[in-house]
Amino acid sequence: MKTPILDFAKTYDEKEPLRLHVPGHKGKGPLGSEGIDLTEIDGADSLYDAEGIIRESEKNAGSLFGAETFFSAEGSSLCIRAMLYLAVLYARSQGKKPVIAAGRNAHKTFLSGAALLDFELQWIYPRTMDSYLSCLVDGETIEAFFASAEEMPTAVYLTSPDYLGNTVDLAAISEVCHRHGVLLIVDNAHGSYLKFLPESRHPMDLGADLCCDSAHKTLPSVTGGAYLHVSKNAPELFLEQAKNALALFGSTSPSYLIMESLDGVNAYLDAGYREKLERFIPKLDGLKSRLMKKGWTLLGDEPLKMTLVTKPFGYEGHALAKILEDANIVCEFADPDFLVMMFTPEISEKDLAKLERALDAVPRKTPIVDHAPAFQAPERVISVREALFSPSEVIPVSESEGRILAAATVGCPPAVPIVVCGEKIKKEDIKAFLYYGIETCSVVKEER
């Protein structure tokens, strides 16, 4: 597969032109990649008005994913805001009020999008919510939600895979959504590779109307490379307005290095990536199986992620992460309960063996029996928008009971809020904050 963006940049650099245009490094600098870091010069195309090499590369990506695909140089965060904007635009084009129902484990970018676009937000909860990072709903959950909803949503927004490696039955959920005339939007940031399994598990093949993929999370893209996918069955308005939606929230100076990386990923995917996955996943599955036989507890069904539930083995996730770090193994995420590791076919058998030896060397201890505070449905006092745009102050979590959260109190990763902007903080929430090491929070200022 051709790589038109990368080829253009390399050819331009080889000519050694006098660069009287931005960027200011003029093709030279400490990174070594400055020579191919360009701007919208003649022939380089322009991301949000793409008609040349960028559009050609996006079409190449679309042919691989079976969708209409658009590049983001600002991760899935940009794509999430764009998807929400398209849903709002669609509702208004139908003369309806924009209402979006979302799984409670939505990324905090979803909240900033809700604040900026000011749509009505409804939360979807699973039958049981064992972790604030997961929202394991199914078709029956969505059907029941619709039956009890005071107002049918414009779209259902779900995160799958979630941060712990759980996926939901998008095929069943999409059937329910479309039968009720509701759009399905999926945050698939962690699942770009799902398209290339022997049987695709990608949202575009399971009925989603819109989804985002963070190429940089599971494919060999530099950080910030992502895709916005539009289903070929989605409303025409989505295709017509996709670039405008991205441009509305994106920088007018998107990184050409990131776009070149996405361009290179096209060729990588086209040159035997499916076969690489097919060879690698059984090796990882074998490791998972051996670890479970040795007493480790695993969570999730995502093929390229391994989440250890650490307390049954006698460790908090943070402590186990430190043990592995001392062995020069750095994991994706750890909290008191879980340790998350992300794999790709670039991980060798030697690498897997190194991880297995490190875990085999960890002595089993008495199980830790305390659990994360149980999640309880919150009380919304004001909208996300009103909370985020209100004067606020940072106070100790221990003093926050009864106050209204102003800004999402969570880092990235995992970037999933425990309490959402505009909700009242309860005693149980304070326990959860402290459990996860959150000591201060931003609350709406009270009138004196």
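1. Leu388 is partly exposed, as its relative accessible area is 35%. That value falls between the cut-offs of under 20% for buried and over 50% for exposed. The structure is a predicted model, and this should be kept in mind for every point below.

2. Leu388 belongs to helix α13, which covers residues 384-388.

3. In soluble globular proteins, nonpolar side chains tend to be buried together. The interior of this model is taken up next.

4. The largest nonpolar core contains 100 residues. Phe110, Tyr157, Tyr227 and Leu269 are the ones with the most contacts inside this core. The element that gives the most to the core is helix α3 (residues 75-93), with ten residues.

5. Another core, of 23 residues, lies apart from the largest one. Among its members are Leu133, Phe338, Leu405 and Tyr435.

6. Asn60 sits in helix α2, residues 53-65. Is Asn60 buried or exposed? Asn60 counts as buried because its relative accessibility is 16%, and the cut-off for buried is under 20%. Beyond residues up to four places away in sequence, Asn60 touches Met1, Lys2, Pro4 and Asn266.

Technical notes:
Residues numbered from 1 in each chain as written. Predicted model: local features only at pLDDT ≥ 70, side-chain atom pairs only at ≥ 80, totals over all residues. Heavy atoms only, no water. Helix = DSSP H or I, 4+ residues; strand = E, 2+ residues; numbered from the N terminus. Buried < 20%, exposed > 50% of the residue type's maximum accessible area, 1.4 Å probe, protein only. Contact = heavy atoms within 4.5 Å. Core = buried A, V, L, I, M, F, W, Y, C linked by side-chain atoms within 4.5 Å.
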